[in-house]
Structure formats: structure tokens, C-alpha cells
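This report looks at how side chains pack and pair in one protein chain. The sequence and model come first, and the account of side-chain contacts follows.

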Amino acid sequence: MKRRSPSITRRVLIGGAITGAVLPRLVWAQKETNMKMRIAFADHVFTATLYDSPPARDLWSMLPLDLEIDNYANNEKIAYLPRKLTEEGSGSFSNEAPGDLCYYAPWGNLAFFYAGYRYSAGLIRLGRLDGGVEPLLTRGKFPLRIERLS
């Protein structure tokens, strides 16, 4: 019986290229960093940790920021950034949860989720709140300050 030597097929090459392109995005979406932010509005002060991704690093480069935070829908508070963030390395994600800090690229706003939500096109997860979501339950429009902690 003649043994066939292994060969690299077109399918294997394409699969490897796709994995190489997608895997870094999945890693960026979940790997925490030392980029910690202090967030303050109304009488609330809390912190968030950004993930290691180009959009999160872009937000980090803009700090400190003085914005306005307001209610949106029944599950998030939003704040519009002075300019759009890069979308490099972004893609769909799963395991959405209250406490996620995201960026909605079509509108150019941060989204602080305090209740369940589902991924939608253009939503980029930037990081997570370090504590509970209780501060986000305060209804109304307020001045918002975001600054670096580390």
C-alpha cells in the first residue's frame, strides 16, 4: 500500500487565512487591559476597564472627555463623542450582558448597557463596567466626565 504524502489544499489555505484574520478580533474583544476609566455623572462615580482593541485604544486617546449622558430605549444610556472612533478590528460578538460599554458606529455614540440587549450591526464592544449597573438606572440627562485612571 502506497502512502500518500499530506498536501495543502486550497480549502486548508483559505480556512487558515480566515482564522488568522478573525481570531485577533475575537481575542481583542475579550482581553482586558490596564486602561481603566473613571466615569462620573449626577452623584455617581464608577469605573470601567477597556478591552484591547483599536476602537478602545482610540477612545482612550481622547480622554479626558466632558460629554452629556442621556437615556435611550429602556436598556442603555448614551453619550455622543466629539468624533467617530476607528472601526478597525471590529466585528460581531455574542454573550451580550448588562455592564457592557459599547460604541455605536453609525451614530458615533457610547452605549452604557444596564439591561439586556442584542448585538446589532455597527455595535462595537469596548469594555465593561467594573461594578454594578446601578448608577446607570438614574433617569435623566446629565453632564458626564470620563477620564483615565491608569
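## Side-chain packing and pairing

At 42% relative accessibility, Trp-107 counts as partly exposed, a class that lies between buried (under 20% relative accessible area) and exposed (over 50%), as computed with a 1.4 Å probe on protein chains only. This is a predicted model, in which local features need pLDDT of at least 70 and side-chain atom pairs count only at pLDDT 80 or more, while totals for chains, interfaces and linings use all residues. Residues are numbered from 1 along each chain as its sequence is written, and side-chain values use heavy atoms, with hydrogens and water left out.

The ring of Trp-107 belongs to one of six aromatic pairs in the structure, a pair being rings of Phe, Tyr or Trp (its six-membered ring) with centres within 6.5 Å, called stacked when the planes are under 30 degrees apart, edge-to-face when over 60 and tilted for the rest. Its partner is Tyr-72, and because the planes stand at 85 degrees, with the centres 5.5 Å apart, the pair is edge-to-face. Tyr-72 lies in strand S3 and Trp-107 in the loop between S5 and S6, so the pair ties together parts 35 residues apart in sequence; strands (E, at least two residues) and helices (H or I, at least four) are DSSP runs numbered from the N terminus. Tyr-72 is likewise partly exposed, at 35%.

By contrast, Phe-41 is buried at 1% relative accessibility. The rings of Phe-41 and Phe-142 have centres 5.7 Å apart and planes at 40 degrees, so this pair is tilted, and Phe-41, Phe-46 and Phe-142 form one aromatic cluster.

A search of the whole structure finds 10 salt bridges, each a side-chain nitrogen of Lys or Arg within 4 Å of a carboxyl oxygen of Asp or Glu.

| Salt bridge | Closest N and O atoms |
|---|---|
| Asp-52 and Arg-57 | 2.3 Å |
| Asp-58 and Arg-83 | 2.6 Å |
| Arg-145 and Asp-66 | 2.8 Å |

Asp-58, in helix H2, and Arg-83, in the loop between strand S4 (76-80) and S5, are 25 residues apart; Asp-58 is buried at 13%, whereas Arg-83 is partly exposed at 38%. Arg-145 lies in strand S8 and Asp-66 in strand S3, so their pair ties together parts 79 residues apart in sequence. Asp-66 is exposed at 57%, and Arg-38, Asp-66, Arg-145 and Glu-147 are linked in a network of salt bridges.
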